[in-house]
Amino acid sequence: MHCGMCLPTCPTYDATLRERHSPRGRISLMRAIAEDELPLDQAFADEMDYCLGCLACQSACPAGVDYAELFETSRAEIESAGIQKGVVRGFWRWLTLEQLFMKPRLLRFVGKGLRFYQVSGVESLLRWIGLVKLLPKNFRRLEPQAPRMSVRFSNELIEEVESPVGEKKHRVAMLTGCVQDLAYAEINRDTVDVLVANGCEVHTPPVQPCCGSIHAHNGEEEMARENARRLLDLLPPDSFDAIISNAGGCGSHLRHFAKLLPNDERAKEWDAKVRDVHEFLTEVKVRPPTEAPFEREVKVTYHDSCHLAHGQKVVLQPRAVIDLIPGLMRVDLAESDWCCGSAGVYSLTQPEQSGLLLERKAGHIRTSQAEILLTANPGCHLQIQNAMPELRILHPVSLLAKAYRNEC
Amino acid sequence: MKEPGQIAEEFHEIVGAGNVLTEPADLIPYGFDGTAALRARPSVVVLPGSTAEVAACVRLAAENDIPVTTRGSGTGLSGGSVPPPGGLVLCLVRMNRVIEVDARNLTLRAECGAITAKVDEAAREHGLFYPPDPGSMKISTIGGNVAENSGGLRGLKYGVTRDYVMGMEVVLPDGKIARLGNGCVKDVAGYSMKDLFVGSEGSLGIITEVLLKVLPVPEARRTLLAAFPNLEDAAETVSAIIAAKIIPCTLEFLDQMTIRCVEDFAGIGLPTDCAALLLMETDGHPAAVADEAEKMAQIAGEHGAVEVTTAKDEEESLRLASARRSAFSALARVRPTTILEDVTVPRTHLAEMVSFIAELAEKHQLTVGTFGHMGDGNLHPTFLTDERDKEEMERVHLALDAIVEKTLELGGTITGEHGIGMAKKAWLRQQLGEASYDLMKLVKTALDPKGQLNPGKIFD
């Protein structure tokens with residue numbers, strides 16, 4: 001099937017009007033490679049790097065083509081063919097994929113170092129004397145984009161088991177994520193508060209492996225498998241009613257462990273129990289707060305994370321949760337489900353295209369005249385905050401938690 | 001004769017280097033359209049940005065005897081924009097401006113590469129609309145619609161693309177630029193040349209700009225959904241509605257296979273257990289709309305509908321129409337290859353044709369999903385098959401032949417809205433008869449004696 005219904009939803013086709021930069025075009029290249037009409041070469045690797053992996057095409061596809069799988073398989077083929085060499089690329093992949101995102105304690109350790117750098121004055125000092133300019137080019141681009149580290153990480157904010165005051169209705173596991181944990185640990189705290197307030201006994205292991213999403217996206221299937229196995233060992237799905245994720249990018253990957261581990265029976269049950277937090281809350285009929293989070297009415301708008309909207313088809317639930325909170329006026333955001341350009345490491349690997357998408361997103365946010373942008377993915381959160389430092393950005397669950405707190 | 005690749009440099013000078021594609025990874029995605037199983041790799045793709053550039057490209061191609069295949073978004077369903085192997089593709093998506101909406105004369109001027117849905121949006125900003133709404137309107141180009149004379153869901157009341165083309169700018173095979181038609185409702189100055197180019201499938205000239213008729217948005221509209229226990233009852237309902245002197249804008253039909261696939265994709269709560277659905281829509285003055293909707297519901301009930309529901313608001317109407325537009329693509333969920341038919345018969349023979357297709361599928365043991373525009377007799381029986389299974393494909397071809405035979409026997413046409421392209425060439429002579437076929441060929445030879453434009457389409 002190549003009807004082309006995906007074309008108008010693809011940000012890279014929209015920007016270039018070139019078929020090869022569209023989902024249909026990319027799939028035709030994959031097919032040509034499979035049929036030996038085209039070599040698996042740098043041109044194809046570049047094309048797959050240029051794809052955001054936002055999965056808007058998947059929402060648009062009436063034929064139900066699983067682009068996510070084609071995309072990840074392609075990137076894995078590219079990696080195993082060893083096309084993209086280079087010491088610098090190799091070093092960055094080793095550092096991030098093999099070290100930081102495989103070793104949660106190391107990641108937190110580095111996070112603490114980064115926090116020290118940011119709060120101790122070293123950062124300001126280095127920037128002031130211009131020493132940052134001595135950093136390698138990639139690192140220099142990364143430096144100002146690095147998220148502000150949380151003052152405390154999730155394990156310092158959340159007890160391993162937290163129980164509701166009244167009746168215990170659900171037993172759930174809480175995934176704290178990697179970037180979410182480092183940059184927005186308080187969102188994890190808010191999520192647990194909201195779950196507890198809705199009758200959940202929440203289990204949050206203090207040290208959690210990465211979900212493996214970043215590995216799968218970057219063609220490292222074996223590492224993704226290893227992370228999936230670790231999570232299944234840490235949180236056996238038969239012990240919980242639901243496994244909660246509050247980060248769009250993680251949730252999208254977390255639902256497909258059975259594909260990664262087809263022979264592991266637990267993976268199927270895991271996939272069936274993973275829930276985005278908004279999805280879970282609407283399923284269990286979340287209790288509407290009686291108080292407003294702020295003293296006056298506040299205009300808010302909601303940006304869909306690609307992997308929440310397109311990857312997980314969770315579109316209505318976050319809006320439903322927001323609409324339950326008193327004292328908010330939610331206005332629609334134009335092109336709310338159009339990628340903001342964050343897309344994992346895309347803002348680093350494809351800064352130009354990422355910047356264009358970010359500008360487009362920022363324009364719509366300004367037009368909406370919302371005082372607060374609500375979004376449910378740390379990648380989007382960081383990306384948009386970098387472009388709009390004055391804008392207040394929150395996770396919908398944080399507002400819900402704030403409203404509940406005002407009840408006391 | 002130079003190879004197209006060799007003159008890529010000369011194309012650079014016309015359109016700029018970034019708009020000439022010659023690398024395999026750039027070319028492969030331009031080797032197909034929306035039709036299953038038709039593929040060929042061009043040797044160069046050129047993306048001009050203006051009519052003058054198109055004309056210069058056509059002249060350059062003509063000087064070098066290179067065949068030119070024009071393409072918009074590549075959503076055609078008869079292989080009309082599939083190039084011959086090694087040919088030149090002229091892709092016009094960069095020329096995508098809506099130039100002007102003239103609310104006083106009810107016209108709209110747009111470049112050929114403007115997206116159909118954007119054309120309609122531009123009209124709606126002035127309280128007007130562009131009625132033809134082909135299934136691919138979210139991405140199809142208006143130039144492609146005119147070249148293929150596309151239909152859509154509203155054909156019964158509003159007609160097809162041809163009924164809205166008032167004028168155009170066209171680049172002829174020798175590179176000359178001609179303006180055809182004008183903004184006058186009445187115009188009998190010589191032959192209606194624009195009409196020759198509507199539906200010419202890029203074989204006579206390259207349409208670079210169009211002047212379209214637009215209409216005021218109707219004040220009211222109502223959408224009904226009727227579920228039937230069998231196909232014939234749905235077809236009889238359509239005949240009865242028209243016999244009752246009602247002309248709804250939409251009378252769309254979906255069989256069970258199609259309903260299930262569409263529901264799988266859209267998830268809007270279609271009844272998946274009924275044998276057939278009719279999507280009926282009436283628009284116009286509020287009082288007339290209310291009256292017609294009531295009558296249609298009554299007629300459906302009298303003809304065996306088990307349930308008739310009304311869309312509660314505009315949003316739900318749009319969702320239903322949009323779900324219906326996804327039918328063809330949604331059917332691809334079932335098997336790897338979808339072969340879409342486009343036969344059209346006079347409305348009185350609809351019920352007969354629908355039963356014939358069902359029997360035929362049974363006889364050849366094939367899976368068919370049928371949907372279509374019942375109001376205008378245009379059916380889309382879609383064979384769900386696998387092109388790798390040679391034996392099954394043979395049975396598909398037997399069934400397709402039989403459908404064509406039956407269509408012609410009933411006084412129908414082999415294609416209502418998709419065009420001849422490459423897919424239907426084999427049957428054109430049979431439908432037209434010798435004299436008419438020769439006349440058509442004479443027109444082609446007169447305008448394009450060297451066969452420069454879109455060779456291998458319509459005729460062999």
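**Close-up 1. Helices α8 and α10 of chain B pack against each other in this predicted model.** Here α8(B) spans residues 231-243 and α10(B) spans residues 286-302. Their axes are 9 Å apart and meet at an angle of about 140°, so the two helices are oblique to each other. The crossing of this pair is right-handed. To find the contact, look for T237(B), A240(B) and I241(B) on α8(B), which meet M296(B), I299(B) and A300(B) on α10(B).

**Close-up 2. Helices α1 and α3 of chain B cross at roughly 160°.** In this view, α1(B) covers residues 8-15 and α3(B) covers residues 51-63, and their axes come within 9 Å. Angles over 145 degrees count as roughly antiparallel, and α1(B) and α3(B) are therefore roughly antiparallel to each other. Their crossing is right-handed. From α1(B), the contact draws on E10(B), F11(B), I14(B) and V15(B); from α3(B), E53(B), A56(B), C57(B) and L60(B) take part.

Close-up 3. Which residues of α22(A) are buried? They are Q353(A), S354(A), L357(A), L358(A), K361(A), I365(A) and S368(A).

**Close-up 4. Several elements of chain A cover the buried residues of α22(A).** Among the helices that do so are α1 (11-16), α21 (346-349) and α23 (378-387) of chain A. The cover also includes the strands β6 (298-302), β7 (328-331) and β8 (372-374) of chain A. Follow the chain just past α22(A) and you come to Q369(A), which takes a positive phi of about 60°.

**Close-up 5. L27(B) sits buried in helix α2 of chain B.** The helix takes in residues 24-27. Around L27(B) there are 22 other C-beta atoms within 10 Å, and 20 or more make a residue buried. Beyond its neighbours within four places in sequence, L27(B) is in contact with L21(B), R41(B), P42(B) and V45(B). For a sense of scale, L453(B) is 426 residues from L27(B) along the chain, and their C-alpha atoms are separated by 19 Å.

**Close-up 6. L38(B) and P85(B) both belong to loops of chain B.** The loop of L38(B) lies between α2 and β2 (44-46), while that of P85(B) lies between β3 (68-71) and β4 (88-91). Is each of them exposed or partly exposed? L38(B) has 18 other C-beta atoms within 10 Å and is partly exposed, whereas P85(B), with 11 such neighbours, counts as exposed. Setting aside residues within four places in sequence, L38(B) is in contact with F32(B), G79(B), V82(B) and M422(B). L38(B) and P83(B), 45 residues apart in sequence, have C-alpha atoms 9.7 Å apart. P85(B) and T309(B), 224 residues apart in sequence, are 51 Å apart from C-alpha to C-alpha.

Notes: Residues numbered from 1 in each chain as written. Chains lettered and ligands numbered in written order. Predicted model: local features only at pLDDT ≥ 70, side-chain atom pairs only at ≥ 80, totals over all residues. Buried ≥ 20, exposed ≤ 12 C-beta atoms within 10 Å, placed from the backbone. Helix = DSSP H or I, 4+ residues; strand = E, 2+ residues; numbered from the N terminus. Contact = placed C-beta atoms within 7 Å. Axes fitted to C-alpha atoms, helices over the stretch in contact; angles between N-to-C directions. Parallel < 35°, antiparallel > 145°, perpendicular 65-115°, else oblique. Left-handed = near helix turned anticlockwise from the far one by under 90°.
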